[in-house]
Amino acid sequence: MALDRAARLRAAVERDGPTCVWCGRAFGAQVGPTTEHVVPRVKGGPSWLENEVAACRRCNSARGHVAPVEWLEECERRGWRPDEQRLAQLLEALSGAIGERGGQRRARPYLDAQRRRLRRRGGSSAGQVGRDRPA
Ligand SMILES: [Zn+2]
């Protein structure tokens with residue numbers, strides 16, 4: 001099912017709410033909404049709604065092809081408020097969709113590594129200041 005850009009954005013916003021996944025800002029005149037791929041196209045990420053997330057124009061272009069969990073951590077360093085739970089849900093939804101539909105041989109190991117990395121962060125880190133590295 002091919003959706004155009006506007007339809008993909010609408011669908012992602014309906015699913016996740018009208019805020020940027022990376023900085024948490026609400027979309028509006030000053031914060032232009034875009035969609036980007038959770039698993040980048042260059043890493044084999046499919047153009048499925050499960051791989052699309054709404055992000056503001058600034059964050060979208062700042063991220064480039066950086067891996068999602070790596071970029072989440074960079075957002076935290078920048079003092080933004082990334083939506084870790086939304087990202088976790090998307091990674092699981094995408095993994096489930098790949099399991100059902102098959103294929104995506106390149107995206108699979110990349111996605112699995114990202115899911116492991118997110119899990120290693122130790123569940124809810126919201127509000128915590130420091131984080132211990134796993135032993
Ligand atoms: Zn943003």
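1. Start with the outward side of helix 5. The face turned away from the helix's buried side carries the exposed residues Pro109, Ala113, Arg116, Arg119 and Arg120. Keep in mind as you look at them that this is a predicted model.

2. Which residues of helix 5 are buried? They are Ala107, Leu111 and Gln114. Looking down the axis of helix 5, you'll see these buried residues fall within an arc of 60°, so they line one face of the helix. There's a handy rule behind this kind of pattern: an α-helix has 3.6 residues a turn, so residues three or four places apart point the same way. As for what the buried residues of helix 5 pack against, look for helix 3 (68–77) and helix 4.

3. A quick check on the length of helix 5. With 14 residues, helix 5 reaches 20 Å from its first C-alpha to its last, close to the 20 Å expected at 1.5 Å a residue. Just after the helix comes glycine 122, with a positive phi of about 90°.

4. Next, the pairing of helix 4 with helix 5. Two packed helices are described by the angle between their axes and the distance between the axes. Here the angle is about 145° and the axes of helix 4 and helix 5 are 10 Å apart. The crossing of helix 4 past helix 5 is left-handed. On the helix 4 side, the residues that meet helix 5 are Leu87, Ala88, Leu91, Leu94, Ser95 and Ile98. Their partners in helix 5 are Ala107, Arg108, Leu111, Gln114, Arg115 and Leu118. Sorted by class, this contact has eight nonpolar, two polar and two charged residues.

5. Glutamine 104, though not a glycine, has a positive phi of about 60°. Is glutamine 104 buried or exposed? Glutamine 104 has 20 other C-beta atoms within 10 Å, so this residue counts as buried, the cut-off being 20 or more.

6. Helix 3 can be read in the way we read helix 5. Its buried residues are Pro68, Val69, Trp71, Leu72 and Cys75. Seen down the axis of helix 3, they fall within an arc of 160°, so they line one face of the helix. The cover over these residues includes helix 2 (57–63), helix 4 and helix 5. Turned away from the buried side of helix 3 are the exposed residues Glu70 and Arg77. Just after helix 3, glycine 79 has a positive phi of about 85°.

7. Over to the start of the chain. Helix 1 covers residues 5–16, and its 12 residues reach 16 Å from first C-alpha to last, close to the 16 Å expected at 1.5 Å a residue. Just after helix 1, glycine 17 takes a positive phi of about 95°.

8. Further along, in the loop between helix 1 and strand 1 (33–37), find valine 21. With 27 other C-beta atoms within 10 Å, valine 21 is buried. Not counting residues up to four places away in sequence, valine 21 touches Val53, Ala54, Ala55, Pro82, Asp83, Arg86 and Leu87. Valine 21 and alanine 54 are 33 residues apart in sequence, but 6.4 Å apart in space, C-alpha to C-alpha.

9. Finally, zoom out. The protein has five helices and two strands, in the order α-β-β-α-α-α-α along the sequence. How much of the protein is buried? Buried residues make up 27% of its 135 residues. And of the contacts between residues at least 6 apart in sequence, 63% join residues at least 24 apart.

Notes: Residues are numbered from 1 along each chain as its sequence is written. This is a predicted model: local features need pLDDT of at least 70, side-chain atom pairs count only at pLDDT 80 or more; totals for chains, interfaces and linings use all residues. A residue is buried if 20 or more other C-beta atoms lie within 10 Å of its own, exposed if 12 or fewer, and partly exposed in between; C-beta atoms are placed from the backbone. Axes are lines fitted to C-alpha atoms, for helices over the stretch in contact, and angles run from 0 to 180 degrees between N-to-C directions. Helices (H or I, at least four residues) and strands (E, at least two) are DSSP runs, numbered from the N terminus. A crossing is left-handed if the near helix is turned anticlockwise from the far one by less than a right angle, and right-handed if clockwise. Two residues are in contact if their C-beta atoms, placed from the backbone, lie within 7 Å. Ala, Val, Leu, Ile, Met, Phe, Trp, Tyr, Cys and Pro count as nonpolar, Asp, Glu, Lys and Arg as charged, and the others, Gly among them, as polar. The expected span of a helix is 1.5 Å times one less than its number of residues. The arc is that of the directions from the helix axis to the C-beta atoms.
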